[in-house]
Amino acid sequence: MKLQRMNRRALALGAFAVSGALALTACGSDDTGDNSGGGKSGAASAPASNIKCDDAKGQLLADGSSAQKNAIDAWVKAFSQACGVQINYKGQGSGAGVTAFTQGQVAFAGSDSALKPEDVAASKKVCSGGQGIDLPMVGGPIAVAYNLDGVDNLVLDAGTIAKIFDGKITKWNDKAIQDLNKDAKLPDLKIQAFHRSDESGTTDNFTKYLKAATPENWTYSGGKAWQAKGGQSASGSSGVAQGVKSTNGAIGYMELSYAKDGLKTVALNTGAAAPVQASSEGASKAIADAQVVGTGQDLALKLNYTTKAEGAYPITLVTYEIVCDKGNKADTLPATKAFLRYIASTDGQSVLSQNNYAPIPDAIITKVRSTIEGLS
């Protein structure tokens with residue numbers, strides 16, 4: 001009897017080790033070249049005691065954006081410990097995740113942009129009697145980080161940022177920057193603006209902000225590929241962060257979790273009473289000003305990049321979990337619903353701010369929770 005107990009204990013520990021290893025596989029480069037989960041290990045997770053497992057069992061395969069990597073790691077760790085379900089989130093990128101979903105290879109996918117009409121059409125082939133829908137689950141601020149000796153506080157507005165990254169403002173003591181920073185001693189030093197060399201959802205969201213907030217100064221069409229001329233390029237958010245960190249006079253855009261590692265970040269003059277620093281709280285306030293533009297059960301959002309709400313940080317991205325509203329596979333539906341229910345819960349969302357992400361505002365996440373309960 002004692003030997004049997006020891007064997008059962010060994011098997012349980014082995015299963016937990018496997019689920020932990022699977023959680024660690026949720027780090028990869030996405031199709032956008034993004035590594036926006038953050039470069040931080042030891043992601044904080046919520047206690048497993050409040051997780052409702054219901055009939056969850058077996059394994060779940062998922063794929064998609066690496067923007068939510070650290071959040072997925074933390075969620076998988078807590079959920080697997082509570083429910084014994086193994087979740088393998090490959091994190092190969094938004095495009096790879098959507099493709100895997102529309103081909104019926106995964107139970108759900110993560111994407112930093114909402115499904116396109118052609119994706120919805122393709123999803124109907126695998127969602128019997130239904131279609132793929134977008135559930136906003138993770139928010140994240142994109143910081144503008146800089147390295148400038150002797151300048152610890154820097155305020156910029158959308159127009160000035162656009163001119164810097166378009167090569168129209170080339171010196172740190174330019175009058176446009178000085179006017180926004182009356183008390184700063186700005187050097188007569190060349191600005192080294194770093195952008196992504198690879199296609200990136202971070203670039204897409206950063207340039208969406210510039211297009212919306214200062215269209216007269218940012219006339220490019222936008223997208224995942226960088227279009228402005230000049231500047232320095234680097235691969236991945238980690239490459240941009242390293243370039244800025246190693247170059248006095250440098251500036252670049254990256255997920256906040258990368259900027260946390262020894263870089264200073266720009267405060268945005270949005271037209272609110274006070275400049276706004278990049279933060280999880282500020283991103284959540286910006287998302288709260290978004291509109292739900294999806295139809296039916298789809299909760300795709302349109303962000304307001306020109307928000308002037310107090311404390312709202314508008315350079316923000318949202319990652320969606322993509323799932324069938326109807327026609328989910330019977331063998332994975334219980335675990336899928338239980339996992340999504342957990343990550344949308346108060347406990348699940350609380351994990352986000354602990355890992356430099358932004359929780360989805362109450363008004364939106366309440367709709368997400370209701371939609372999850374109706375999945376079939």
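**View A. Asp362 sits in helix 13, out in the open at 60% relative accessibility.** With that value Asp362 counts as exposed (relative accessible area over 50%; buried is under 20% and partly exposed in between, with a 1.4 Å probe and protein chains only). Helices here are DSSP runs of H or I with at least four residues, strands are E runs of at least two, and both are numbered from the N terminus. Look for Thr346 too: Asp362 and Thr346 are 16 residues apart in sequence, and their C-alpha atoms are 9.5 Å apart. Before you zoom in further: this is a predicted model, so local features need pLDDT of at least 70 and side-chain atom pairs count only at pLDDT 80 or more, while totals for chains, interfaces and linings use all residues. Residues are numbered from 1 along each chain as its sequence is written, and side-chain values use heavy atoms, with hydrogens and water left out.

**View B. Helix 11 runs roughly antiparallel to helix 13.** The two pack at an angle of about 165°, with their axes 10 Å apart. Axes are lines fitted to C-alpha atoms over the stretch in contact, and angles run from 0 to 180 degrees between N-to-C directions. Under 35 degrees is roughly parallel, over 145 roughly antiparallel, 65 to 115 roughly perpendicular and the rest oblique. On the helix 11 side, Lys337, Leu340, Arg341 and Ala344 make the contact (heavy atoms within 4.5 Å), and helix 13 brings Ile365, Val368, Arg369, Ile372 and Glu373. Sort these residues by class and you get five nonpolar, no polar and four charged. Nonpolar covers Ala, Val, Leu, Ile, Met, Phe, Trp, Tyr, Cys and Pro; charged covers Asp, Glu, Lys and Arg; the others, Gly among them, are polar.

**View C. Helix 11 also packs against helix 12, with axes 4 Å apart.** The angle here is about 60°, so helix 11 and helix 12 are oblique to each other. Tyr342, Ile343 and Ala344 of helix 11 meet Thr346, Asp347, Gly348, Gln349 and Val351 of helix 12. Follow the chain into the loop between helix 12 (346-354) and helix 13 (362-373) and you come to Asn356. Its phi is near 65°, a positive value in a residue other than glycine.

**View D. Helix 2 (residues 69-83) packs on helix 11 (residues 333-344) at about 120°.** The axes are 11 Å apart, and the angle makes the two helices oblique to each other. Trp75, Val76, Ala78 and Phe79 come from helix 2, while helix 11 supplies Ala335, Ala338, Phe339, Tyr342 and Ile343.

**View E. Phe79 and Phe339 are a pair of aromatic rings from two helices.** In all, the model has 10 aromatic pairs, meaning rings of Phe, Tyr and Trp (its six-membered ring) with centres within 6.5 Å. Phe79 and Phe339 lie 5.3 Å centre to centre with 75° between the planes, which is edge-to-face (over 60 degrees; under 30 is stacked and the rest tilted). Phe79 belongs to helix 2 and Phe339 to helix 11, so the pair ties together parts 260 residues apart in sequence. Both Phe79 and Phe339 are buried. Elsewhere, Phe165, Phe206, Trp218, Tyr220, Trp226 and Tyr253 form one aromatic cluster.

**View F. Helix 3 (residues 94-102) has a set of buried residues.** They are Ser94, Gly97, Val98, Ala100, Phe101 and Thr102. Their cover includes strand 1, strand 3 (108-111), helix 4 (117-123), strand 4 (132-147) and strand 13 (316-324). After helix 3 comes Gly104, with a positive phi near 75°.

**View G. Glu255 in strand 8 (residues 250-255) is a buried residue.** Its relative accessible area is 6%. Pick Ala67 as well: Glu255 and Ala67 are 188 residues apart along the chain, with 8.6 Å between their C-alpha atoms.

**View H. Asp54 lies in the loop between helix 1 (2-24) and strand 1 (59-64).** Asp54 is not a glycine, yet its phi is positive, about 50°. Its relative accessibility of 54% is why Asp54 counts as exposed.

**View I. Zoomed out, the protein has 13 helices and 13 strands.** Of its 376 residues, 54% are buried. Among contacts with a separation of 6 or more, 76% join residues 24 or more positions apart.
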